[in-house]
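Subject: Structure for your files, with notes

Dear colleague,

Here is the structure I promised to pass on. My notes on what was found follow below it.

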Amino acid sequence: MKKLTILCVLLGLVISGCEDELTIFPEDSLSEPTFFQTEVDFEQAVNGAYVPLRSIINGAGSGPSGPYLAEMHSDNTYFARNPAFGATEQQEDIADFSIPSDNGITANVHVTNQYVQDYEIIARANQILTTIDKAEFDATAKNNLKGQALFLRAYAYFELVRYFGSVPLHLTPVVAREDAALPLSTEEELYTQIISDSQEAIGLLPPKSEQEAGRVTSGAARTLLANVYIVRQQWAEAETQLRAIVDSNEYMLMPDYADAFSGTTDNKNNMESVFEIQFKEGPEGLNGTFLYNFLPRNITAEEVGGITGTSNPQPLNGEGNNIPTPDIIAAYEEGDLREDASIQYVTISQSFWKDGVYPIIKKYVEPHSLHNNHGMNWPVYRYSEVLLFLAEALEEQGESGEAAIYLNQVRNRAGLDDATGDLGEAIFNERRVELAFENKRWFDLVRTGRAIDVITAYGNRIKANPLDYYYPEGTEPRGNAFTNISLLYALPASESSLNPNF
């Protein structure tokens, strides 16, 4: 089925809505001539285009690809070894920078899931964008829906180009098997399309104050475009977009860092939120499960319940993932309020490691009713990142004085004094702790040219002191650990039989 991803997604385009505040529609299967006609049709189709974002964070049956590929594939988080459990190489290979590849392809399931889910977004967006201009309904509503589809396509391609470099560029629906076998487009071609889609989306989308909660906005599209410019080191262009966001007065920092995250329903899509992936606790199938993938093992039902507050806690075995490393813990300055808001410590009685006291990611811990069914949203862009992006763009252009103003807004909210010393390094370090566990660290290491050096040193620390990195006494990293440190992931092997170009 994965080999026919792009073909198959067109058959299931009309599916559940993308978040708790959007209208929820039943899954169906309708054809283009009978379906893509009315505003309601396109609203349902756009809702469907958001859905794979949840799978990227929750995991498509095998764990969350996004947090594994962008966070655990860095020095921020690692896996919690359970020597009594086997068959965990898929996650370990990502954390250990030892993913097997051959001729530019890999069988790693999490790499495949990321690729598949991003192309599901693209396929659904393409179907919308190909048909919406011919439909007759209110122009303002049409622009809004078209802008959302453009944003989602741009965001999916932005993920793909950063993970894989060159991938096929599909801009129209795939209706036959041979249509799926496009050649790999260059990074420059991909970025050109991402920029074009983002720019068009900005002009079509309403601001946050006029948009339905949970849907992307002109501010989200500007942030995405600025992120692209930052990666490409187009500092002046990034500054233009970021100033427009700041000057819009649509966003503010939450007074308390801990309140920036979704927590309860009342706090979702708050004034600091630029865009977040929507989850809803309950039976509709819109719930989150990612927290449970981030807990160390083996953990008893009572210990799970102590963390989650559920009425029916279940024990968890296997291997924990996305466990904060000693490195990220040490990165917090003395008095940084974000440390206690981001990391908490739990005791696992059946653990094989030391005394079983592990750090876990606290910003995603929120009491909920039922096991493996929570409603915390996942932050994609927050206003604090806009401020840090703007500080970086200004500092790179020699405007250190103004850059420090935006950096210090973020620091002061965290209870810290103004930054001192090298401003560029201060901004880079600030991003690490401000955006910890939000899938930013690996991308930051790559785009700043630090990835190979930082990860090599990190791997050496793990191999020299495995007990510090959640290895039980007497165990050590596998022989292939940190032997394949590369800037890009290999393409999925399961897709290579569909496309002979890779």
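Is Asn269 buried or exposed? With a relative accessible area of 14%, Asn269 is buried; the cut-off for that label is under 20%. Please keep in mind throughout that this is a predicted model. Asn269 is found in the loop between α10 (235–247) and β5 (273–277), and its phi is near 55°, a positive value in a residue other than glycine.

Backbone

Phe482 is another non-glycine residue with a positive phi, near 60°. Its place is in the loop between α19 and β10, and it is buried, with a relative accessible area of 9%. There is also a cis peptide bond, from Arg297 to Asn298, with omega near -20°. Asn298 is placed in the loop between α11 (290–293) and α12 (301–308).

Aromatic residues

The search of the whole structure gives 33 aromatic pairs. One of them is Tyr78 with Tyr458, an edge-to-face pair at 6.4 Å centre to centre with 85° between the planes. Tyr78 belongs to strand β1 (residues 77–80) and Tyr458 to helix α19 (residues 451–464), so this pair ties together parts that are 380 residues apart in sequence. Tyr78 has a relative accessible area of 0% and is buried; Tyr458 is likewise buried, at 0%.

Tyr358 and Tyr470 form a tilted pair, 5.8 Å centre to centre and with 35° between the planes. Tyr358 lies in strand β8 (residues 357–361), while Tyr470 lies in the loop between α19 and β10 (491–492), so here the linked parts are 112 residues apart in sequence. Both Tyr358 and Tyr470 are buried.

Tyr78 and Tyr458 also belong to one aromatic cluster, together with Phe79, Phe97, Trp442, Tyr469, Tyr471 and Phe482.

In soluble globular proteins, nonpolar side chains tend to be buried together. In this model the largest nonpolar core has 139 residues, and Tyr78, Phe151, Phe164 and Tyr489 touch the most other members. Helix α7 (residues 139–164) supplies the largest share of this core, 15 residues. Leaving out residues up to four places away in sequence, Phe151 touches Ala201, Val216, Ala220, Ala221, Leu224 and Phe275. Another core, of five residues, lies apart from the largest one and includes Met254, Tyr257, Phe261 and Ala341.

Ile57

Which helix holds Ile57? Its place is in α3 (residues 39–58). Ile57 counts as buried, at 3% relative accessibility. Apart from neighbours within four places in sequence, Ile57 is in contact with Pro64, Pro67, Ile277, Phe279, Phe290, Trp378 and Asn439.

Helix α17

Helix α17 (residues 423–434) has 12 residues, which should span 16 Å at 1.5 Å a residue; the end C-alpha atoms are 16 Å apart, which agrees. The helix is mostly covered, with nine of its 12 residues buried. The buried residues are Leu423, Ala426, Ile427, Phe428, Glu430, Arg431, Arg432, Val433 and Glu434. What covers the buried residues of α17 includes α13 (326–331), α14 (337–342), β9 (378–382), α15 (383–396), α16 (400–413) and α18 (441–447).

Annotation

The UniProt record, an unreviewed entry, has the annotation "domain: RagB/SusD" over residues 359–499. Across residues 359–499 the chain is 46% helix and 7% strand, and the end C-alpha atoms are 43 Å apart.

Regards

How values were computed. Residues are numbered from 1 along each chain as its sequence is written. This is a predicted model: local features need pLDDT of at least 70, side-chain atom pairs count only at pLDDT 80 or more; totals for chains, interfaces and linings use all residues. Side-chain values use heavy atoms; hydrogens and water are left out. Rings of Phe, Tyr and Trp (its six-membered ring) pair if their centres lie within 6.5 Å; planes under 30 degrees apart count as stacked, over 60 as edge-to-face and the rest as tilted. Helices (H or I, at least four residues) and strands (E, at least two) are DSSP runs, numbered from the N terminus. Buried means under 20% relative accessible area, exposed over 50%, partly exposed in between (1.4 Å probe, protein chains only). A nonpolar core is a set of buried Ala, Val, Leu, Ile, Met, Phe, Trp, Tyr and Cys residues joined through side-chain atoms within 4.5 Å. Contact means heavy atoms within 4.5 Å. UniProt positions are given in the numbering used here, feature names are shortened, and annotations may be inferred rather than shown by experiment. The expected span of a helix is 1.5 Å times one less than its number of residues.
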